[in-house]
Amino acid sequence: MSSNAGSPSHPDRPEPGTPHMAASPLTRAVLEIDEYASGLGWDQPARLFALVDTAKLRSQEPALAAQLGLDGTPGASAPSYTPIEQDELPAGGALDEFLATIAWPDAVTGCALTVERLMLPPSAEGSVPHGMNEKQLAKWVAKHPERQEVRMTVAVLRDGARESAVRLREKDSPTEVLTGPDLVPGLAEALAATFAD
């Protein structure tokens, strides 16, 4: 695992005003990553995170826990995951091809990815021209008047649990983030495959 100094803060200590505490541990981790990415602004590259069990991180890697600001007294019995940002993803390559090259060490409980994309509403699906390759389709979507810019954060655990957060650029507010396990199923499948034997 590598760590970048700019990694998100610990989910047990969210920034003031964030509604993380009632959510499941995986949802809290996804919202924490979404909030971190939001702080960096839009038009950012995809970012990959390892998710580690916070209690195990404190006991097994105290120096790394201290670097991440997690060396305080462990919280109550509530489980939590600490996102650790990985090295920058290679530019220009296909995301699914890159994800197919990843293998995680046993200490990693899950992983998450945040990525920006252009999306069309369901009402526009019928107008998509047939026979376009991926690049042509991306150009067509980029020029479509109903396109929406979104940031998707998707996380999966080794045990199969999934969670996602989707934030529209035009509604860029923590209160407007949509969460759910099945919002971005293709990306969740690609991330889950990084744990396949």
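Trainee: How many helices and strands are in the chain?

Mentor: This predicted model has six helices and six strands. Along the sequence they follow the pattern α-β-α-α-β-α-β-α-β-β-β-α.

Trainee: What makes Thr153 count as buried or exposed?

Mentor: Its relative accessible area. Thr153 has 0%. Buried means under 20%, so Thr153 is buried. Across the chain, 40% of the 197 residues count as buried.

Trainee: Where is Thr153 found?

Mentor: In strand β4, residues 148–157.

Trainee: What makes the link between the side chains of Thr153 and Thr114 a polar contact?

Mentor: The distance is 3.2 Å. The cut-off for the N or O pair is within 3.5 Å, so this pair meets the distance limit. Thr153 also touches other residues, among them Val30, Leu113 and Glu163.

Trainee: What joins β1 to β2?

Mentor: Five bridges, and these two strands also run antiparallel. Strand β2 covers residues 81–85. There, Pro83 stands opposite Leu51.

Trainee: Why is β1 called largely enclosed by the rest of the structure?

Mentor: Strand β1 spans residues 47–53. Six of its seven residues are buried, so the strand is largely enclosed.

Definitions and conventions
Residues numbered from 1 in each chain as written. Predicted model: local features only at pLDDT ≥ 70, side-chain atom pairs only at ≥ 80, totals over all residues. Heavy atoms only, no water. Helix = DSSP H or I, 4+ residues; strand = E, 2+ residues; numbered from the N terminus. Buried < 20%, exposed > 50% of the residue type's maximum accessible area, 1.4 Å probe, protein only. Polar contact = N/O pair within 3.5 Å; in protein donor to acceptor, adjacent residues only side chain to side chain. Contact = heavy atoms within 4.5 Å. Pairing = 2+ DSSP bridges. Lists of a residue's contacts leave out its neighbours within four places in sequence.
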